[in-house]
Amino acid sequence: MPERHIATIYSLSFPATTGTHITAAFKNLGYQVEHFQYDKDVDCSKFDIVLRVDDGFWIRQAPNRLLQSNKCKTAYLMIDSHTIPIRLVEIAQNGKFDHLFCAQEDGSIDLQNALQRPVKWLPLAADSAMYTNYLAQRDIDVSFIGGISKEREEFLSKLIKECNKNNLSYYFGALPYQEMCRIYRRSRFILSLPISNDISMRPFEALISGASLLQPSNVRIPMNFIKNQEDICYFLSIDDIIDAIRHRVCTGNTQKEVVKNHCYETRCNDILQTVGLL
């Protein structure tokens, strides 16, 4: 493996941001990585690639000044294209990045049309440190960790009533990252309630944690994305969820595929291959 020097740019205001996972993954792959926050200029001549990663705090931050170098590639990974895409377009244009990536498939198409240049879809992934043997003892039947919007609150309230009727244990709510990981390791089923029609990080996090995934039927995961879907339970209704929890047993086979193809180490290799450094 060639020696590479990599710079990542993101805020540390939220410790479990995607940039943190990507930085750790690059290090796991054996690369030298230096992290910068938004208030620092970056001398690109010291690196093979400079990668900016959205983190939810960038809207209040002035962009870094990248001191350009012919030997260095620059790239920008846009995360929340379904929230404020206009701001992403501004940053992409002002940053003059060599390569653009987007975590949402629909978002990559919209941004590509807006920017009139290629934007590659790079899905979110799982932190490889979340791996837990699927045979581990689990005392929570179903969990959902994430922000609770009004729509999600209405859905979860109905699900809680049905869980109580069926004597099923559950945990629903927002938690810091390490607490979320602990709940996932205890969960038999993890519920995905995506905001848009795109695949979020939750399916990968659920499956790498050794749980079965409860995924809405209208946001199906393509077979060419995850071939072995034994541990993915698609649902149309709350009754489908209850039925799956009561009767389905996790096989661990889908987890193997996620470990191989959908950790952040794989996404980092995709980035390096796209920019011509692998």
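In this predicted model, the axes of helix H4, which covers residues 150–165, and helix H7, which covers residues 238–247, come within 10 Å and cross at roughly 45 degrees.

**Helix H4 against helix H7**

- On the H4 side the meeting residues are Phe155, Lys158, Leu159, Glu162 and Cys163, and on the H7 side they are Ile238, Ile241 and Ile242.
- Sorted by class, the residues in this contact of H4 with H7 comprise six nonpolar and two charged ones, with no polar residue among them.

**Helix H1 against helix H9**

- The contact of H1 with H9 divides by class into six nonpolar, three polar and one charged residue.

**The loop between strand E11 and helix H6**

- Ser192 is found in the loop that runs between strand E11 (187–191) and helix H6 (202–208), and with a relative accessibility of 1% Ser192 counts as buried, since the term applies to values under 20%.
- The side chain of Ser192 makes a polar contact, at 3.0 Å, with the side chain of Gln215.
- When residues up to four places away in sequence are not counted, Ser192 touches Arg202, Pro203, Leu213, Leu214, Gln215, Pro216 and Phe235.
- Pro194 is also placed in the loop between E11 and H6, and, with neighbours within four places in sequence left aside, Pro194 is in contact with Arg152, Pro216 and Val219.
- Pro194 and Arg152 are 42 residues apart along the chain, and their C-alpha atoms are separated by 9.6 Å.

**Thr254 in helix H8**

- Thr254 lies in helix H8, which spans residues 253–261, and Thr254 is buried, its relative accessible area being 0%.
- A polar atom of the Thr254 side chain lies 3.0 Å from the backbone oxygen of Asn228, and the side chain of Thr254 reaches the backbone nitrogen of Glu230 at 3.3 Å.
- Apart from neighbours within four places in sequence, the residues in contact with Thr254 are Leu207, Ile226, Asn228, Gln229, Glu230, Asp231 and Ile232.

**Cys250 between helices H7 and H8**

- Cys250 is located in the loop between H7 and H8, and at 19% relative accessibility Cys250 counts as buried, because the cut-off for that term is under 20%.
- Leaving aside neighbours within four places in sequence, Cys250 is in contact with Tyr134, Gly210, Ala211, Ser212 and Asp231.
- Cys250 and Arg220 are 30 residues apart in sequence, and the distance between them in space is 19 Å from C-alpha to C-alpha.

**Loop residues with positive phi**

- Gln116, in the loop between helix H3 (105–115) and strand E8 (120–121), has a phi near 55 degrees, which is a positive value in a residue other than glycine.
- Gln116 is exposed, with a relative accessible area of 67%.
- Asn167, in the loop between H4 and strand E10 (170–173), likewise has a phi near 55 degrees, a positive value in a residue that is not glycine.
- Asn167 is exposed, with a relative accessible area of 71%.

**Glu153 in helix H4**

- Glu153 is found in helix H4 and is partly exposed, with a relative accessible area of 46%.
- Along the chain Glu153 and Leu51 are 102 residues apart, and the separation of their C-alpha atoms is 36 Å.

Terms used: Residues numbered from 1 in each chain as written. Predicted model: local features only at pLDDT ≥ 70, side-chain atom pairs only at ≥ 80, totals over all residues. Heavy atoms only, no water. Axes fitted to C-alpha atoms, helices over the stretch in contact; angles between N-to-C directions. Helix = DSSP H or I, 4+ residues; strand = E, 2+ residues; numbered from the N terminus. Contact = heavy atoms within 4.5 Å. Nonpolar A, V, L, I, M, F, W, Y, C, P; charged D, E, K, R; others polar. Buried < 20%, exposed > 50% of the residue type's maximum accessible area, 1.4 Å probe, protein only. Polar contact = N/O pair within 3.5 Å; in protein donor to acceptor, adjacent residues only side chain to side chain.
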